[in-house]
Amino acid sequence: MLGTYTAKEARMQQYLEKVRELIKQFQNWKVRQITRDENFEVNALANLASTTDVASDANASVIHLSHSVLDPDVNEVNFNNLTWDWRNEIVAFWQYGIVPDNKKKVYALRKKVARYCLKQGNLYRKMFGGPLAICLGPSQMEYVMREIHEGHCGNHASGSSLVRTLIRAGYYWPKMEEEAERFVAKYHKCQRYGNNMHRPAELLHPVIAT
C-alpha cells in the first residue's frame, strides 16, 4: 500500500488492486503495521495451514471462507486444515463423540476427558482446589508465557514459579513445566542478569591427601 515492498504473488496483487480501488472512496487514509505480539490470534490463524500436518484427517477441523472480495459470486472459495494439537481429540469427543477404534485407547481417552469440560467452544481443565483453567494451543503458549513473565504479572521468575503463576492466571497445557523451563533458559534478560556460575576455568584434578 505504501510502495515500500512489491507484491509479486498473483493473488496478493489482486488483493492490492482491490484495496486501492476501495480507498478511493475515502478522503484520508492511513496504514499502520500491527506487530505479531499485539495480534497473536490473527497471526496464528494466518499460519495455521503452513504449520504442522493434521494427524487425523477424519477428525480434522476446517475453516471455510464463505466469501471473498475477489470472487463475490463464489460461496466457498477455500479451506485450510487447522493445526492438530493436543486439544483436538478431547474437543472431538465432547462435541461429536468421536472415539478411537482400539478399546484400550477408548478407555484411556474416556479417563482423560473426564478432567476437562467444554463450554461455549472453549476447552477448560478442571484444576484441583481452583477455578477452571482455559487450555491453550501451541500458537498461544509462548505469547502467554512471555506476557506473564515480563508483562503485568512479570517478575522474571524461574520456570517452576512461572508455572504456578500461569495456573493462578487460569491457563493450562500439557508439559507446562518443560515449556516454562525451556522458555526461561533461553530468555535473554534472565540469562544476562542472572547469577554468575562460579565454576573453575579448567577441569578439576584429584589430589591425594597427605
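Predicted model: local features only at pLDDT ≥ 70, side-chain atom pairs only at ≥ 80, totals over all residues.

Author: Residues are numbered from 1 along each chain as its sequence is written, and side-chain values use heavy atoms, without hydrogens and water.

Reader: Which strands stand at the edges of the open sheet?

Author: The open sheet has four strands in the order 3-4-5-6, with mixed pairing, where pairing requires at least two DSSP bridges between two strands and strands are DSSP runs of E with at least two residues, numbered from the N terminus, as are helices (H or I, at least four). Each edge strand has a single partner, so one side of it is left without a neighbour in the sheet; these are strand 3 (116–119) and strand 6 (171–172).

Reader: Are helix 6 and helix 7 parallel or oblique to each other?

Author: The axes, lines fitted to C-alpha atoms over the stretch in contact, with angles from 0 to 180 degrees between N-to-C directions, come within 8 Å and cross at roughly 125 degrees for helix 6 (residues 159–169) and helix 7 (residues 176–185). Angles under 35 degrees count as roughly parallel, over 145 as roughly antiparallel, 65 to 115 as roughly perpendicular and the rest as oblique. Helix 6 and helix 7 are therefore oblique.
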